[in-house]
Amino acid sequence: FRKMRDAGILELSASAASHGLLPLLSTNPAAARAQVLIGCELYSKFFHAEPRGFWLPECAFAPGLEKVLQEAEVRWFILDAHAFALAKPRPQRGIYAPCFTGDGPAAFVRDPVSSRQVWSAEIGYPGESVYRDFYRDIGFDLPPEYVFFDTSLRIPRFTGLKYHRITARGPEKEIYQRTWAESAARAHAEHFLASRLRQLEPLHDSGFAPILTMPFDAELFGHWWYEGPVFLEHFIRSAAAQSAEVQLTTPSDYLEKHPTQEVIAPAASSWGEHGHLKVWLDESNAWIYPHLHAAARRMQEAARQYRETADPLVERVLRQLARELLLMQASDWAFLIRNGTAPDYAEARVRAHVARFDQLYRQLKSAQIDEAFLSDCESRDNLYPDLEWRFYL
């Protein structure tokens with residue numbers, strides 16, 4: 001990825017350290033700030049440059065986050081369309097141009113029309129009958145003793161071996177035909193490009209250079225939508241062949257060519273259901289957040305108390321406390337609980353990180369650090385090896 005970035009093929013953005021939902025963490029500003037700054041530091045370590053862009057987890061924004069992004073020297077980020085629809089003042093160019101925030105970074109906004117065409121399984125391309133059915137898998141279709149050689153693992157589960165196409169709603173499915181699916185993906189790519197050209201056509205004489213911003217989860221292409229990479233490649237090649245009518249670009253390149261934009265205050269929003277935070281904060285998962293907020297307060301308190309420490313063992317504890325905090329803050333735990341896809345696993349993960357954090361915190365405060373327990377925690381969760389815990393000061 002770094003080579004492609006250096007060659008000018010891609011622009012890479014940083015993101016929050018553990019995909020924490022920043023508006024819900026901002027009860028303690030230091031917690032949201034650390035997610036951003038640690039994420040940017042990780043980017044710099046691996047990509048040998050400072051990030052110009054930043055992906056807000058779930059496109060979730062709340063007023064004030066632009067100040068943290070400015071501190072991180074981020075030039076741009078992406079928001080959901082609701083952020084512009086309810087902005088003050090409302091952008092004159094709608095979703096077709098970025099706007100600067102009062103504190104500096106520019107906000108690009110997601111186009112909801114193109115997003116629905118690609119993302120929606122109900123009205124979008126992935127629901128096409130000839131595409132491979134993600135949910136039909138031999139791990140569920142065939143007897144466990146036939147599929148799994150290990151007798152201890154003979155429980156129904158996904159194997160990745162899927163022989164059926166979507167066909168239609170209902171249990172009856174027909175056999176997957178790869179050539180049909182690839183043909184459909186190429187046809188959908190052509191349709192998608194033609195749709196974008198029609199969408200932009202009324203803006204040809206608008207006096208500005210319109211841009212369509214289309215962010216997607218990477219896992220859509222090849223995972224949920226098996227033929228997604230075929231679609232993506234064909235769309236990119238087709239767009240490149242029609243460069244006189246439309247050009248692929250990056251946020252930084254666009255801002256360099258068009259540095260004068262409106263200044264607005266975007267509204268709080270996310271790309272979740274109805275544009276707000278309902279998916280990650282409802283009756284099923286709200287119990288998580290008091291734990292997150294309490295741990296964040298304790299992390300900040302410990303960082304301030306030991307800011308001058310030179311004790312390697314204390315440094316290890318502080319670094320592990322920050323790891324456990326970041327991991328319990330991951331937004332997918334609340335998502336998995338609310339959607340019921342893996343609620344027991346998600347709850348267990350949150351409670352495990354909270355328990356380890358609490359025990360390490362008590363040991364630190366009592367000056368009775370159990371190095372064996374600390375080593376066990378480090379062996380379980382040893383990501384962010386050079387994590388800078390002083391970001392919580």
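Predicted model: local features only at pLDDT ≥ 70, side-chain atom pairs only at ≥ 80, totals over all residues.
Student: OK, and where is Asp 381 placed?

Tutor: Asp 381 sits in the segment after helix 16, which covers 371-380.

Student: Which side chain does the side chain of Asp 381 make a polar contact with?

Tutor: That of Arg 356, at 3.1 Å.

Student: What else does Asp 381 touch, leaving out residues up to four places away in sequence?

Tutor: Besides Arg 356, there are Gln 320, Arg 323, Glu 324, Leu 327 and His 353. His 353 and Arg 356 are themselves among the buried residues of helix 15.

Student: What covers the buried residues of helix 15?

Tutor: The cover includes helix 12 (288-305), helix 13 (312-328), helix 14 (331-339) and helix 16.

Student: How far apart are the end C-alpha atoms of helix 15?

Tutor: They are 35 Å apart. Helix 15 has 24 residues (343-366), so at 1.5 Å a residue it should span 34 Å, and the two values agree.

Student: Switching topic: which residues form the nonpolar patch on the surface?

Tutor: Trp 119, Tyr 135, Phe 140, Phe 158 and Trp 224, with about 580 Å² of accessible area together.

Student: Is Trp 119 buried or partly exposed?

Tutor: Partly exposed, because its relative accessibility is 41%. Trp 119 is found in helix 6, residues 112-119.

Key:
Residues numbered from 1 in each chain as written. Heavy atoms only, no water. Helix = DSSP H or I, 4+ residues; strand = E, 2+ residues; numbered from the N terminus. Polar contact = N/O pair within 3.5 Å; in protein donor to acceptor, adjacent residues only side chain to side chain. Contact = heavy atoms within 4.5 Å. Patch = residues over 30% accessible without salt bridge, like charges linked within 9 Å, V, L, I, M, F, W, Y side chains within 5 Å. Areas by Shrake-Rupley, 256 points an atom, 1.4 Å probe, with all protein chains shown as cover. Salt bridge = Lys/Arg side-chain N within 4 Å of Asp/Glu carboxyl O. Buried < 20%, exposed > 50% of the residue type's maximum accessible area, 1.4 Å probe, protein only. Expected span 1.5 Å × (residues − 1).
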